[in-house]
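Welcome, and thanks for taking a look at this one. Here is a short briefing to read alongside the structure.

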Amino acid sequence: MQRRHLSLQRKAAALTMVVAMQAVAALFFILDLAGDLLAEGFGAHLAAESAAVVALLAGVVIGAFQIRALVLSARQDEAAVAMARGVAAELVRLRFGEWKLTPAEADVALFALKGCDVAEIAALRGAASGTVRAQLARVYAKAGVGSQSALLGAFLEDLIDPALHATQCSETEA
Amino acid sequence: MTEIASAPTPAHRPARRWDPVVKLTHWSVVIAVIANALFTEEGSGTHVWIGYALAAILVLRLLWGLIGPAEARFTAFPPSIGRALAHLRDIRSGRHVEHRSHNPLGALMVYAIWSCLGAVIASGIAMAGLPGQARNERSDTAVSASTEIERGEDADEGDEGGEEEGALGEIHEVAVNLLYLLIALHVAGVVFETRRSGREVVLAMLPGQR
Ligand code: HEM
Ligand code: HEM
C-alpha cells in the first residue's frame, strides 16, 4: 500500500517521457506534411501520411489522459494512506490513554501491534525477555484481551466499517 | 479504503507538488532555450531542430492546461491584473495565502513567457520554413536538415529577396531579448518566493518523487 503510490508516480513519469517524445514526433510530421501539401498538393501518398499524423496525435491525447489518471490515482492513494495512518495513530493514542498504559507499556504494546514477538521487542528495547513478557501481560490485562492477535483485533474492530463487515458476511453466506 | 480515500481532509493532503508533465515540459523548455541561446549556431540545423522540439513541448503543456489535474489547468491560474495587485498587497502586508497553482503574479509571468515563446517559435519557423518545403526541389530526400535549411533560405532569398527574412529575423531577435528579460524576472521571482514561502516552491518543480 505504502509503495503503491510511488510505483504509480514512476509509471506516470515514464509515460510522460514517452508522450513528450510522441508530441515532438507528431509536430515534426505535421510540419513535414504541411510542407509537402504546399509543395505538391493533396494526393494518395499524403492521405496516408495524414492518417499517420492523426493517429500520432490521438496517441498524444490518449497518453495525456492516461497520465492524468495515473497522477490522480497516485494522489488518491497517498491521501488514503496518510488518512489511514492519521486515524490509526489517533485510535492508538485514545485506546492507550483509556487503558492507562505507562509509557514503557505503551512502547511495548506498539511493537506488539506491529507484529514483533517478545524476543524482538526485548532486542529493540534493550530489555530482558522476562521484563517484556511481564509488561505485555499487564498490557493484555489492561486491554482485557488474552493474546497479541486479540490486541490487534481490538483495534481492527474499530477501524473496519461495520457495514462493510456485514456485507462481507452476507456475501459468504449467499 | 475507498470510502476513506474519497473524503481526504485538507489536513492530510500532501504538500503541493507539480505533476510529471508540468515538470518535464518546464525543464525541457529550459534546456531548449539555454541550448538555442548559448550553444547552437543561429539559424543552423540544430537550432531549428531544437526549435521544433520546443514548439512540440509547449503544445503538450498547453494541451495539459486543458486536460491536466486541477492545479495544472489554465482555470487554476487565470491571468488577472486584479488578483496580481491583491497578491502584491498580500506580499506588502506579509500575509500568506495558499495558492494551489501559480500565484497570481506568477500566473501573469507564465502567460507572458508562453506568449514570448510563441512569438520566437512562430518567427523562427517562418524563417526556417517547413521541413518538407524544399523537398521536391531535389531527388534525394535523405539530405541532412542543415542542407535543407540552407536550401530553404536560398529559395526564400531568391523569391522575395532578403527583406522579409530580415524583418522576421528582427522579430525573432526582439522576442528572444524580451524572453531573456522575462526569464530573469521569472528566476528572480522564484528566488523571492522561495525566501518568502520556503524551499517547497522549488522542490515542487524538481524531478523525483517525494
Ligand atoms: C527559445 C529559443 C530560441 C532562442 C533563444 C533563439 C535565439 C536566436 C538568436 C539570438 C538568433 C539570431 C537572431 C538574429 O541575429 O537575427 C536566432 C536566429 C534564428 N533562429 Fe532562433 N532562437 C530560438 C528559437 C528558434 C526557433 C523555435 C526557430 C525555428 C524553428 C528558430 C530559428 C532561427 C533561425 C532560422 C534563425 C536565423 C535568423 C537569421 O538568419 O537572421 N529559432 N535565434
Ligand atoms: C529558460 C528559463 C526558464 C523558462 C523559460 C521558465 C519558464 C517557466 C514557465 C513557463 C513556468 C510555468 C510552468 C507551467 O505551469 O507549466 C515556470 C514555472 C516555474 N519555474 Fe521556470 N523557467 C525557466 C527557468 C527556471 C529556473 C532556472 C528555475 C529554478 C530556479 C525555475 C523554477 C520554476 C519554478 C519553481 C516554477 C513554479 C513556479 C510556481 O510555483 O508557481 N525556472 N517556469
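Predicted model: local features only at pLDDT ≥ 70, side-chain atom pairs only at ≥ 80, totals over all residues.

**Chain B overall**
- Chain B is built with eight helices and zero strands, so reading from the N terminus its elements run α-α-α-α-α-α-α-α.
- Of the 210 residues in chain B, 39% are buried.
- Taking contacts in chain B between residues at least 6 apart in sequence, 71% link residues at least 24 apart.

**Thr40(B) in its loop**
- You will find Thr40(B) in the loop that runs between α2 (20-39) and α3 (45-67) of chain B.
- Thr40(B) counts as buried because its relative accessibility is 14%, and the cut-off for buried is under 20%.
- The Thr40(B) side chain makes polar contacts with two side chains: that of Asn36(B) at 3.0 Å and that of His47(B), also at 3.0 Å.
- Beyond its neighbours within four places in sequence, Thr40(B) touches residues including Thr46(B), His47(B) and Ile50(B).

**A helix pair in chain A**
- Helix α3 (residues 103-113) and helix α5 (residues 129-143) of chain A have axes that come within 9 Å and cross at roughly 90°, so α3(A) and α5(A) are roughly perpendicular to each other.
- Among the residues making this contact are Ala104(A), Val108(A) and Ala112(A) from α3(A), and Val132(A), Leu136(A) and Val139(A) from α5(A).
- In the contact of α3(A) with α5(A), seven residues are nonpolar, one is polar and three are charged.

Terms used: Residues numbered from 1 in each chain as written. Chains lettered and ligands numbered in written order. Heavy atoms only, no water. Helix = DSSP H or I, 4+ residues; strand = E, 2+ residues; numbered from the N terminus. Buried < 20%, exposed > 50% of the residue type's maximum accessible area, 1.4 Å probe, protein only. Polar contact = N/O pair within 3.5 Å; in protein donor to acceptor, adjacent residues only side chain to side chain. Contact = heavy atoms within 4.5 Å. Axes fitted to C-alpha atoms, helices over the stretch in contact; angles between N-to-C directions. Parallel < 35°, antiparallel > 145°, perpendicular 65-115°, else oblique. Nonpolar A, V, L, I, M, F, W, Y, C, P; charged D, E, K, R; others polar.
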